[in-house]
Amino acid sequence: MNGRRPYVRPMAGWWRRNPYFIEYMVHEATALFVGGYALLLVAGLACLAAGEAAWNAWLAWLATPPCLAFSLLSLVALVYHTITWFLIMPRTLPPIQLGGRRLSARAITTTGLAIATASNLLLLLLVGWLSR
Amino acid sequence: MSARNIEMTVLRYRPEQDAEPYPQAFTVPFTDDMSVLQGLQYIKDELDASLAFRWSCRMAICGSCGMMIDGVPKLACKTFLRDCSPAGVRVEALAHFPIERDLVIVVDDFLAKLQSITPYIVPREARSPAAGEYLQTPQQAALFEQFSACINCLLCYAACPQYGLNPRFLGPGAIALLHRYNMDTRDAGQDQRMPLIHAEDGVFNCTAVGYCSKVCPKAVDPANAVNLNKMESAKDYFLRLLPGARSRA
């Protein structure tokens with residue numbers, strides 16, 4: 001007789017079992033804010049196409065407290081999204097050889113974050129200059 | 001070295017009498033040089049001879065003693081009791097695998113996957129020993145060396161929630177080894193391995209949690225192998241749409 005009776009443990013609530021998985025779910029959830037903010041911008045584009053009155057109404061709506069709160073929350077979520085995105089980046093790239101040595105994960109993450117910060121500052125400066 | 005005591009709570013499961021696993025606490029005297037594995041050996045030798053667990057080398061080479069230690073996949077031989085909480089340590093069979101008995105898991109699924117990836121060099125052409133050895137530069141060896149450090153301990157599978165949710169997923173360990181042979185300049189077996197990467201249960205089951213690489217005791221970085229092959233798989237999918245492209249295997 002075969003006495004084997006392997007026990008399969010349930011997966012329900014798996015992401016609450018380990019702080020690493022909780023952080024993973026949080027940084028994945030920030031994608032909802034990326035999507036939400038994209039919808040907000042698409043709505044603005046639709047209003048722009050609909051005419052001046054709709055566009056001004058959208059601009060006025062942007063300045064309402066709930067919308068400002070959502071924008072601020074999205075900013076925090078997107079900054080966190082960006083940081084975690086560059087933290088996982090070294091795991092997705094082929095080995096990069098520089099001067100006969102392999103580029104470290106830390107160097108890849110730091111370079112990515114530096115480029116992201118610089119390009120955002122540049123964009124802010126450009127928008128500031130255009131809207132003088 | 002004076003001995004202190006630690007409470008080791010072990011998840012027991014005896015299929016012939018238990019409906020489901022249950023925790024059992026043991027008080028184990030330990031010294032600073034004792035690993036969790038040695039704690040389990042103390043339990044088996046002195047307290048309860050029926051406790052079942054796998055081990056062999058005691059030095060992180062054989063990959064037999066992987067288990068959940070305080071909820072984290074670790075090698076019991078590489079984890080010291082002195083580093084565990086003085087309040088006690090929880091030991092459980094590796095997550096995401098069926099429990100055969102106590103801390104012993106059923107590894108049949110992984111062994112079948114390991115066999116499926118052709119885990120050996122497929123020669124480019126038939127050679128005789130008289131032809132001499134295959135030559136390879138250090139730069140060529142560096143392409144796969146890291147992935148060849150895998151000891152099949154399955155900690156990465158216990159760290160992968162996607163494998164837990166879909167056990168058909170080829171998984172981090174097997175994909176890291178598949179990549180190891182594909183990257184080897186002496187090998188010509190890529191065409192027979194890649195269908196496994198492209199398949200429904202291939203690389204795109206991975207959602208880049210990255211915990212597999214974090215828990216790997218040999219710094220293999222399986223998440224890197226998986227994600228590099230996502231790129232290969234995407235290239236394969238889209239390039240076949242170009243005129244004159246070779247058809248997919």
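Author: Terms first: helices (H or I, at least four residues) and strands (E, at least two) are DSSP runs, numbered from the N terminus. This is a predicted model, in which local features need pLDDT of at least 70, side-chain atom pairs count only at pLDDT 80 or more, and totals for chains, interfaces and linings use all residues. Residues are numbered from 1 along each chain as its sequence is written, and chains are lettered from A and ligands numbered from 1 in the order in which they are written.

Reader: OK. What is the order of elements in chain A from the N terminus on?

Author: The order is α-α-α-β-β-α. That makes four helices and two strands in chain A.

Reader: Which domains is chain A divided into?

Author: Domain 1 covers 16-81 and domain 2 covers 102-132, with bounds from an automatic or database domain assignment. Over C-alpha atoms, the centres of these two domains of chain A are 21 Å apart.

Reader: And what percentage of chain A counts as buried?

Author: 4% of its 132 residues. Buried means that 20 or more other C-beta atoms lie within 10 Å of the residue's own, exposed means 12 or fewer, and partly exposed is in between, with C-beta atoms placed from the backbone. In chain B, 39% of the 249 residues are buried.

Reader: Over to chain B, then. How many helices and strands?

Author: Nine helices and seven strands. The C-alpha trace of chain B spans about 70 × 45 × 30 Å along its principal axes.

Reader: What is the strand order in its five-strand sheet?

Author: E2-E1-E5-E3-E4 in chain B, as an open sheet with mixed pairing. Two strands pair if DSSP finds at least two bridges between them.

Reader: Which strands stand at the edges?

Author: Strands E2 (22-30) and E4 (72-75) of chain B; each has a single partner strand, so one side of each is left without a neighbour in the sheet. On average, neighbouring strands of the sheet are turned by 35° against each other, direction ignored.

Reader: What packs on that sheet?

Author: Helix H1 (residues 36-47) of chain B, which touches strands E1 (4-12), E2, E3 and E5 (89-92) of chain B. Its direction makes about 100° with that of E2(B). Axes here are lines fitted to C-alpha atoms, for helices over the stretch in contact, and angles run from 0 to 180 degrees between N-to-C directions.

Reader: How does E3 of chain B pair with E4(B)?

Author: Strand E3 (residues 66-69) pairs with E4(B) in the antiparallel sense over four bridges. B:Met68 has B:Pro73 as its bridge partner in E4(B), and B:Ile69 stands opposite B:Val72. E3(B) and E4(B) form a hairpin with two residues between them, and B:Asp70 in the turn has a positive phi of about 50°.

Reader: And the E5(B) side?

Author: E3(B) and E5(B) run antiparallel and are joined by two bridges, with B:Met68 opposite B:Glu92. As for direction, B:Gly66 and B:Met68 point one way from E3(B), B:Met67 and B:Ile69 the other way, and all are buried.

Reader: Different topic. How many residues of chain B are in contact with chain A?

Author: 24 residues of chain B are in contact with 18 of chain A, where contact means that the C-beta atoms of two residues, placed from the backbone, lie within 7 Å. H9(B) gives the largest share of the chain B side, four residues. That side divides into 13 nonpolar, six polar and five charged residues. Ala, Val, Leu, Ile, Met, Phe, Trp, Tyr, Cys and Pro count as nonpolar, Asp, Glu, Lys and Arg as charged, and the others, Gly among them, as polar.

Reader: Last one: where is B:Ala188?

Author: In the loop between helix H6 (172-182) and helix H7 (190-198) of chain B. B:Ala188 counts as partly exposed because it has 13 C-beta neighbours inside 10 Å.
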